[in-house]
Amino acid sequence: APEDIVKQLQEDWHVIMDEVASQGKAAFEALQKRLRLHESLFFSSALADGHGAHEGRRERIDLLEPVAGIILDLLREEHLKGAQKDLARYLLLATMGPKNSSACSHVRTPWPTADNRCFYRASLSQVAKEMLGKFADECDSMRKRIDFIAASQSDSACAALAKLPADKVDVPECWLDSAHPDHLSWRATQRDNNLRFDPSWALEVDGNPARCCLALLRLGAVPDLAACAALHQVDHAPMAGMFARGWIRYSELCNTRFQDKMKEVASRAIRREGLDMELPSGYVPAKKLKRLMEKIREKKVELEEYTSWPGRSNAYFRHSQAFCILDTVRLGFICQGQSLEKQVECCMHIVKEFQACAPGDKVCVLRMKNGFAEGVHGSGGYADVKLLVYADLGVYEAFDGVEIPLQIVGEVQIILEGY
């Protein structure tokens, strides 16, 4: 019962987290399936009995108040990590509740509350502000330390980190050569420092809706022709949305292979240099469609100055913003060390290992974004090094025997443990 769950969380939340860990599942996903507080905090079975389910749709203030207290206590922790972090994230999402603006055919009455956190919103905002302020102070202190060492020791790892470019696209020379079939697009990418990656299946589609439907079927983005027809005729999905669905499914096909490939590269540096760094044990899931569509809308604004792109038809280009979103597959490496300097040294070894890769290795860095570069200051003091890495991951065989090359650009975050 939800009352028992909340009572246990108040008394000792470790008991629940230990039970979740014993199941061998990812903590956050296991909490969602086991606790289901996102449902029970906003539904009273007692009110629904004999009156209909719609009568039970109510905020359970008696449960939300203690859960809010647990959230605030967790957020006040000096360093929120591990099981505490998983639990805090789960409870924050579980207490969001229904939106009063959303509606669907099976809901009899709209949700009456505009802000499901109204009675503890002020406290939550204050705690979050304090927490972010502390984090920013810690980050600023580390950044000053790195900048000081970089300025005073020109041959140090900190100096090398500061000299990495703030944002640079670096396309392999062989891709810029006129012999390369897509050299026009890659030359524009290099010229404008504006990276995009169009997978082969999308280029074959061009601007043709029928070919797009076939591509989605081959990728498994839709189960059958009826579902594809529904996207067109019922949902009126635009071509940009169709491409986005294909990009998400394609990313899912590439995801574990991409992360394994990136771990292989990092592990070489770890073994050779004896680095104090552990590889991520699990897999980061591919980005979801909702978030991709949000980023596509943002990208459209950024690309307003472009009316065309070399090597792409206008019919294709105006619908293909999805292929400018290159973090649909991603993972991060945390550089450890007993001191900040050791963490920076670890970071530079990992960066250099990736930079040493070439297209012949089926891996190469196409873009670097350095949050530690001179003049670059991230939100809240945060900084890392982001690499956008191309990887050739083999092929995927579609239902009709067609082999689709799995080639993608994904994001690798290199993070100092202190951050």
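In the second largest pocket, the lining residues divide into 9 nonpolar, 7 polar and 10 charged. The model is predicted. The lining of this pocket comprises 26 residues. Those nearest the centre of the pocket are R367, K369, K386, L388 and E411. The volume of the second largest pocket is about 560 Å³. Helix 15, strand 3 (363-370) and strand 4 (385-397) each supply at least two residues of its lining. Helix 15 gives the most, with 4 residues.

Helix 15 also takes part in a helix pair. Helix 15 (residues 289-302) packs against helix 14 (residues 239-273). The angle between the two is about 130 degrees, and their axes lie 10 Å apart. Angles of 65 to 115 degrees count as roughly perpendicular, and those over 145 as roughly antiparallel. The angle therefore makes helix 14 oblique to helix 15. The crossing of helix 14 and helix 15 is right-handed. On the helix 14 side, the contact is made by G241, A244, R245, W247 and I248. On the helix 15 side, it is made by L289, L292, M293 and I296. By class, this contact of helix 14 with helix 15 has 7 nonpolar, 1 polar and 1 charged residues.

Helix 1 covers residues 2-22, and helix 6 covers residues 82-94. Their axes come within 11 Å and cross at roughly 115 degrees. Helix 1 and helix 6 are therefore roughly perpendicular to each other. The crossing of helix 1 and helix 6 is right-handed. Helix 1 contributes L9, W13 and M17 to the meeting of the two helices. Helix 6 contributes A83, Q84, D86, L87 and L91. The contact of helix 1 with helix 6 has 6 nonpolar, 1 polar and 1 charged residues.

Rolling a probe the size of a water molecule over the atoms shows where empty space is left. Across the whole structure, the search finds 1 cavity of 30 Å³ or more. The largest cavity has a volume of about 40 Å³. Its lining is formed by N194, R196, L303, Y306, W309, F317 and C324. By class, the lining of the largest cavity has 5 nonpolar, 1 polar and 1 charged residues.

Conventions: Residues numbered from 1 in each chain as written. Predicted model: local features only at pLDDT ≥ 70, side-chain atom pairs only at ≥ 80, totals over all residues. Heavy atoms only, no water. Axes fitted to C-alpha atoms, helices over the stretch in contact; angles between N-to-C directions. Parallel < 35°, antiparallel > 145°, perpendicular 65-115°, else oblique. Left-handed = near helix turned anticlockwise from the far one by under 90°. Contact = heavy atoms within 4.5 Å. Nonpolar A, V, L, I, M, F, W, Y, C, P; charged D, E, K, R; others polar. 1 Å grid on protein atoms, 1.4 Å probe; cavity = no way out; pocket = protein on both sides within 12 Å on 5 of 7 lines; lining within 4 Å. Points joined across faces, edges and corners; volume = space filled by probe spheres on them.
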